[in-house]
Amino acid sequence: MFERFTTEARDVVVGAQRVASDEGSGNVDALHLLTSIARHTGVLTALGCPADELADDLRRVRRRGGMSDADVEALSGFGIDVEHIVERVEQTHGPGALTGGRRAGRGHRPFTPEAKKVLEKSLREAIDVGSKRIDGEHLLLAMTAVPGAAADVLAQRGIDYVAVRRLLEQREAS
């Protein structure tokens, strides 16, 4: 499948591995892929989502162990203060304690099941629109279709499957 990836899409995947490494994460997840999409493509900007604002959202979600703002809001309805819990966990276990498995050094970082689904779905999405290659837009489209933290972050910014599909079809037509 990787042979179908354009240079841009390959840069996204390699960039996601680098983001995971820089964070000391034990694996590459969909949030790492989304961070890399923001860094290596212009597709989010084309959808009205500034990369720097998205980066802030992603840091906040990662710090909370993948909980989106919608998750936090739902829990606050039950009287649960997620930010207070995160602060307490970090006091006990150190900053970033909920960001995922810590890993020292370099080496292979496997993709989480959610990230693998995004990569697999990107191939199906590319084929569905008649493309022989997988590009950054296909990765983003797949991300909106795979439930999880990355899709939640995008949805909060008004980026959903329909919006990305429309952009992709416009680009394919031109």
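**Overall build**

Student: How many helices and strands does the protein chain have?
Tutor: The protein chain has 10 helices and zero strands. Keep in mind that this is a predicted model.

Student: What does the C-alpha trace span along its principal axes?
Tutor: About 50 × 40 × 25 Å.

Student: How much of the chain counts as buried?
Tutor: Of the 174 residues, 43% count as buried.

Student: What share of the contacts joins residues 24 or more positions apart?
Tutor: Counting contacts with a separation of 6 or more, 66% are between residues 24 or more positions apart.

Student: Switching to charges. How many positive and negative side chains are there?
Tutor: There are 24 positive and 27 negative side chains. The centres of the two sets lie 6 Å apart.

Student: Now H8. Where is Glu137, and is it buried or exposed?
Tutor: Glu137 sits in helix H8, which covers residues 136-145. Glu137 is buried, because its relative accessible area is 9% and the cut-off for buried is under 20%.

Student: What is Glu137 in contact with?
Tutor: Leaving aside neighbours within four places in sequence, Glu137 is in contact with Glu8, Val43, Val164, Leu168 and Arg171.

Student: Which helix holds Met143, and is Met143 buried or exposed?
Tutor: Met143 is also in helix H8. Met143 counts as buried, at 1% relative accessibility. Apart from neighbours within four places in sequence, its contacts are Ala30, Leu33, Leu34, Ile37, Val118, Ala150, Ala151 and Leu154.

Student: How far apart are Met143 and Ala30?
Tutor: Along the chain they are 113 residues apart, but their C-alpha atoms are separated by 7.6 Å.

Student: What about Arg59 and Ala173?
Tutor: Those two are 114 residues apart in sequence and 35 Å apart in space, C-alpha to C-alpha. Arg59 is found in helix H4, residues 51-63. Arg59 counts as exposed because its relative accessibility is 53% and exposed means over 50%.

Student: Next, Ile159. Where is it?
Tutor: Ile159 is in the loop between helix H9 (149-156) and H10. Ile159 is buried, with a relative accessible area of 1%.

Student: What does Ile159 touch?
Tutor: Not counting residues up to four places away in sequence, Ile159 touches Leu44, Leu47, Cys49, Thr144, Leu154 and Val164. Ile159 and Leu47 are 112 residues apart along the chain, with their C-alpha atoms separated by 7.2 Å.

Student: Last one, H10. What should its 13 residues span?
Tutor: At 1.5 Å a residue, helix H10 (residues 161-173) should span 18 Å. Its end C-alpha atoms are 18 Å apart, so the two values agree.

Student: Which residues in H10 are buried, and what do they pack against?
Tutor: Ala163, Val164, Arg165, Leu167 and Leu168 are buried in H10. The buried residues of H10 pack against helix H3 (43-46), helix H7 (113-128) and H8.

Definitions and conventions:
Residues are numbered from 1 along each chain as its sequence is written. This is a predicted model: local features need pLDDT of at least 70, side-chain atom pairs count only at pLDDT 80 or more; totals for chains, interfaces and linings use all residues. Side-chain values use heavy atoms; hydrogens and water are left out. Helices (H or I, at least four residues) and strands (E, at least two) are DSSP runs, numbered from the N terminus. Buried means under 20% relative accessible area, exposed over 50%, partly exposed in between (1.4 Å probe, protein chains only). Contact means heavy atoms within 4.5 Å. Lys and Arg count as positive and Asp and Glu as negative; His and the chain ends are not counted. The place of a charge is taken as NZ of Lys, CZ of Arg, CG of Asp or CD of Glu. The expected span of a helix is 1.5 Å times one less than its number of residues.
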